[in-house]
Amino acid sequence: MEALKLKMQGIVKEFPGVKALDGVDFELKPGEVHALLGINGAGKSTLIKILSGVYQKDAGSIYLDDNRIEIKNAQDAIKHGIATVYQDPQMISTFTGYENIYLGSESDQKGIFSRINRKKLREKAEKLLERFPVDIDLSRPVIELSAIEKEIIAVLRALSKDMSVLVLDEPTSILTEKETEVLFSLIRLLKDGGVSIIYITHRLKEIYQIADRLTVLQDGKNVATLDTNEGDSGNHMAIAELMLGKKLDKVYPERGGNPGQEIFSVKDLALNGTFRDVNFSVRRGEIVGIFGLVGSGAEELSKVLFGVIPKTSGAFRLNEREIKIRSSSEAIEQGIFLIPGDRRQEGQISDEPVFFNVSLSNLKKISGLLGLIRRGSENLSVQKLVDQVKVVPQDIRQNVSSLSGGNQQKVVISKGLFSDAAVYIFAEPTVGVDVGSKTGIYNLIRDLSNEKGIIIISSDCEEVYGMCDRAIVLYKGEVAMHKNIHQCRLEEMLLCGVTGGGKSDR
Amino acid sequence: MKNDTITTNGFRLGNLFQAQYGLIWVALLMVAVFAVSSDVFRTAGNLLEILRQSGILAIMVIGLTWIVATGEIDVSFADIAAFTGIVTAVLLKAGFSWGITFIVAALLGTVFGVISGFLVVYFKFPALIATLAVSGIAKSLASLMGKGAVIHITKAEGLVYQLVYGNVFGMPLLFIVTLSIYLICRYLQDRTTAGQHLYALGDNRQATQEAGIKEGKILMSLFILSALLASIGGILLTATVSSGNPKIGASYFLDGLTVVFLGAMIIKAGQPNVIGTLIGVIILSTLGNGLTLLGEYFFVGNIVKGLLLVFGVVVVTFTRYKKRIGGQYSIA
Amino acid sequence: MTDKKGPSISDTLKSIAIFVMMIAVIIIIFSLVEDKFLTARNLKMLLRHMSISALTALGLTYVIILGHYDMSFYMVGCFAAMTTSYLNKMDIMMDSFMIGSIHSFVIPAVLAGIAVGCAWGLISGIAVGFLKMNDMVTTIGVGFIAFGTAYLYSKGSFIYDNFLTSGITEINNADWFYVPFPIVLMLGLYLISYLILSRSKFGRNFYATGSNRIAAIFSGVRVVPYIIVAFVICSGLTSLAAIMTTSAQGVGNVKASINFLMPAYAAVYIGISVFKKATVIGTFFGALFTSVMLNGFTLMAMPFYLSDLIIAVSLIIAIILSKIDWTSIQKKNPIPGSGSEIAYEK
């Protein structure tokens, strides 16, 4: 048996309410490019974070070059030669490329006043770069560089530390087609140089271009490890099925009956550099689902619909009237509410109690003369919503930070309900939500759709497929699919999200 | 995508080059006005005086320059200088030699830096509050020692006299010393890891942390350094004017911050740096000197310096490379 | 999940209890050391002095709630005081009449002083809220501009004219139903601010913006106007306080409010150390605390220049104590990487 570079065996990792990894085995051969694939919540990110020292495994073992190792923190990982490049690598924007590459290790000498020989550093950096067919001016501040150039600098930073294992987390999500090619040639050269690479992505086409093997994670388990033979474009559908596993584990509520009047519509919506030609309408009783993975423009779309990011062009219509959405407060006034994707940063005010969070979206409803809040009225209406939405525990005076993820999400939803909107946009409605609460939230959304316009924007394709009546798939900023749900299959939807469905790429 | 543009919510005000350029023109204009309006201004003696007086402020604000570069602030430096100035006067009056006085005063002043550093790094005080409190303590203790009044001492003699009033090759020795200190500091700032890391801190704390750089150590050292240098400035000031004044805090405070931001505008594209600060000090001293000679009341100085400070902040704010919050779009 | 529980009601009551005990202890110590302390006359004087610093602290509270800092208010107050003194001297009304023992032209003089103070606050507010400039340094600059401009009124010398005759000193001396007017003003404004910040929708928006600005925006809060208003209120209330001081001293002094900086911050932050966030009641406690300290020490013949020392030390001790008791205090600029990852990302 040939020697393995890296072997992860029986890795288990649990979070409160969620078992992210359920005994995962993963092997990496020396000098191979091994792709890691999986839908939302499958565990890819968690596995990688254990490897890079950000998380600690609950059980299992890791072997590097046949030696058992423990990775207790980020420094450990680096010491073992494992480097990770995340999606948006953190850099010092005013420093040059070579300064970022050597940040923290600018000098061989110890001590706080060690001399930095800039010329030497630059030469060292350029030497590193020499091996690759890219031309980057490492003396320019990185803020001026393009996405691929920044990624390459992040990769070079990893290389400068003599890495033998390189992990790339969704490296192409922000790259153009041409830039992806550059990245691939970089990867091939690294391979030749003996570096073993783990490549996380959802883009199947790329996997078949660059990877030697691929592993599919599904629901915290390794369900398949396949070879990608040269020239084989792969059976995408089979892989999609592997990623999905047992279909529709979670119970999604029954679909609605006849859709009613159009409530909200979007025409020719575009955001420069991110998405374009988005058209759809939302009718009463009908949930519109937009599925898009990282880099598809879905996240930005949710914010444009809410006015938090100004659109480049396009029009909105609400109840037959054209409306302007130029700010979040205007959106709410018009009757549109977004339950945002990043709950902690965007959705909730963690240090404040539940009632504070809920009523914030529509304070005038509960305030009277001179803006004074009618506490009694507030308590009543907030409690009603909280009970309706089933937040547990029900005390509306407790701080939101003490609630579980699922309940926190329900609080944010309550805030939306409190604003009495006509259209609700749910971005990533169940991320970080335990399974038990997910069902509750789905039922809530379905019930809501009977009266209101609902749009779900998510990178969880099962969720979108299970919930919506009409499905739109975004891929690299363009609408790759727009169909009635009964006319498409889940695998088809996922495939569209990972390959663009055969549409020619930009 | 060149980012050295001054914009505010989409209103273009020009670019950094224009601002620097503009400042140079303003400075030249200012010098011209003064030169024309006052014969004294034009004399070599006066110009040397400007350089001499620059020295003290310049030494005081090196630490502040770096503290602001890391994204923190220190509002105590001027009152620490006042404190050490009084301590110097008291010790000298009590008969101690300059050598001992210098060491004791400097040490005592540095203690304030240790306090500030502790409060910020270990107790997680906001830097403004910590240094504000420390400045209050320093100012009060300074007043305490002189019972609220200025303490006069005999004019300095010998070596100290030479240092403060003497010239070397026609240039004030004090300024030469200051310049030397600045050159050393520039080396530290641009050519050592310490300087590199402090700028990294100011730009992206998370990246700095991930790179394993010890933020706490750097901040602590900076607060101590700032206090030390402010102390030295205070001692030199007492030597120069032959008295310890507990109330100099306010004026040096505004001056210090103004020169740091002017300096940030001049060099290093919006980041505070020592050479820029030095140039800022010279500009400010010229301004002060000219206004005094023209008989303008000192409060005009406040107005002008306040305006310069605000201008400096405007330029620095808008030329700082826009950082991304939450993806490619900054929402707030 | 490393979510921290917020302070429960009993925790807050505990810290209030501790704090009240501290004030009680201090009062007891003072009354033992100096028998003049607990006299009605002294207490009245204490409250009078408190009213002025408390007003400034109140204005600052609005800014701190938003997570910003203001370093201009104490100098803007000087400008306002000089404006009022100057207008008072110039006797600007054609036909002035008497209101009680106050000439009517005093009113517009006072109102103008407050108005110009607000105008400076508007400048700071727009710079920080709309132009997104750094709050600390910008307000330092604006403050000094205001301070320097204040000297223009009389080239820095005191304005005595009309002070004794116009009745402007009555503002400070008058009693409203046996309570000195300044105290009435303080209590009234604190009450109004309490209603605004703790009981109205505006207060909710203030706290939301300060706690999580992005989430506030996502909830439809228009953050920029609130920032502007906060700076206006801070400068405005301080201007009022500066005018009150001027009235009390009976002379227009360009340094009227120059010492208001430290006590204001101390009051607000002592309040924060008790209540975990900036509040009207907390600031009131803080102002009370510093005033009691100052009053006691003054009675013991402490020289005036040591007042900053007392206040600074109290501030430091208060904050340190509060951080030792609770582990969930958040700095305004948190060291990044401290528990900000979502534990279960995809």
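A: What follows starts with the salt bridges and then moves to other local features of the three chains.

The model is predicted. Over all chains, a search of the whole structure finds 35 salt bridges. Take Arg205(B) and Glu72(B) to begin with. Their closest N and O atoms are 3.1 Å apart. Arg205(B) sits in helix 11 (residues 205-210) of chain B, and Glu72(B) in the loop between helix 4 (62-69) and helix 5 (77-93) of that chain, so the pair ties together parts that are 133 residues apart in sequence. Arg205(B) and Glu72(B) are both buried.

Next comes a bridge between chains. Lys139(B) and Asp308(C) meet through their side chains, at 3.7 Å from N to O. Lys139(B) belongs to helix 7 (residues 127-145) of chain B and Asp308(C) to helix 14 (residues 307-325) of chain C, so this pair joins two chains. The two ends can be set side by side. Lys139(B) is partly exposed, because its relative accessible area is 31%. Asp308(C) has a relative accessible area of 12%, so Asp308(C) counts as buried.

Back within chain B, Asp255(B) forms a salt bridge with Lys305(B), and the closest N and O atoms are 2.7 Å apart. Asp255(B) lies in helix 13 (residues 249-266) and Lys305(B) in helix 15 (residues 298-319), so the pair ties together parts of chain B that are 50 residues apart in sequence. Asp255(B) and Lys305(B) are both buried. In chain A, Lys19(A), Asp22(A) and Lys221(A) form one network, joined by salt bridges that share partners.

Charge also gathers on the surface of chain A. A patch of negative charge there is made of Glu123(A), Glu126(A), Glu130(A), Asp135(A) and Asp137(A). Asp135(A) is placed in the loop between helix 4 (118-130) and helix 5 (147-160) of chain A. Its relative accessible area is 75%, so Asp135(A) counts as exposed.

Now the packing around one residue of chain B. Ala227(B) is in helix 12 (residues 215-241). Ala227(B) is buried, because its relative accessibility is 1%. Leaving out residues up to four places away in sequence, Ala227(B) touches Ile80(B), Gly109(B), Thr110(B), Phe112(B) and Gly113(B). From Ala227(B) to Gly113(B) the C-alpha distance is 4.8 Å, although 114 residues separate them in sequence.

The backbone of chain A deserves a check too. Most residues other than glycine have a negative phi, and most peptide bonds are trans. Asp268(A) has a positive phi of about 50 degrees and is not a glycine. Asp268(A) is part of strand 11 (residues 262-271). With a relative accessible area of 38%, Asp268(A) is partly exposed. Glu428(A), also not a glycine, has a positive phi of about 45 degrees. Glu428(A) lies in the loop between strand 17 (423-427) and helix 16 (435-449). The peptide bond from Val392(A) to Pro393(A) is cis, with omega near -5 degrees. Pro393(A) is in the loop between helix 14 (375-389) and helix 15 (405-418) of chain A.

Finally, chain C, which holds Asp308(C). Chain C has 14 helices and four strands. Of its 346 residues, 58% are buried. Among contacts in chain C with a separation of 6 or more, 79% link residues 24 or more positions apart. Chain C exposes about 14,000 Å², and carbon and sulfur atoms supply 69% of that area.

Notes:
Residues numbered from 1 in each chain as written. Chains lettered and ligands numbered in written order. Predicted model: local features only at pLDDT ≥ 70, side-chain atom pairs only at ≥ 80, totals over all residues. Heavy atoms only, no water. Patch = residues over 30% accessible without salt bridge, like charges linked within 9 Å, V, L, I, M, F, W, Y side chains within 5 Å. Areas by Shrake-Rupley, 256 points an atom, 1.4 Å probe, with all protein chains shown as cover. Salt bridge = Lys/Arg side-chain N within 4 Å of Asp/Glu carboxyl O. Lys, Arg positive; Asp, Glu negative; His and termini not counted. Charge placed at Lys NZ, Arg CZ, Asp CG, Glu CD. Buried < 20%, exposed > 50% of the residue type's maximum accessible area, 1.4 Å probe, protein only. Contact = heavy atoms within 4.5 Å.
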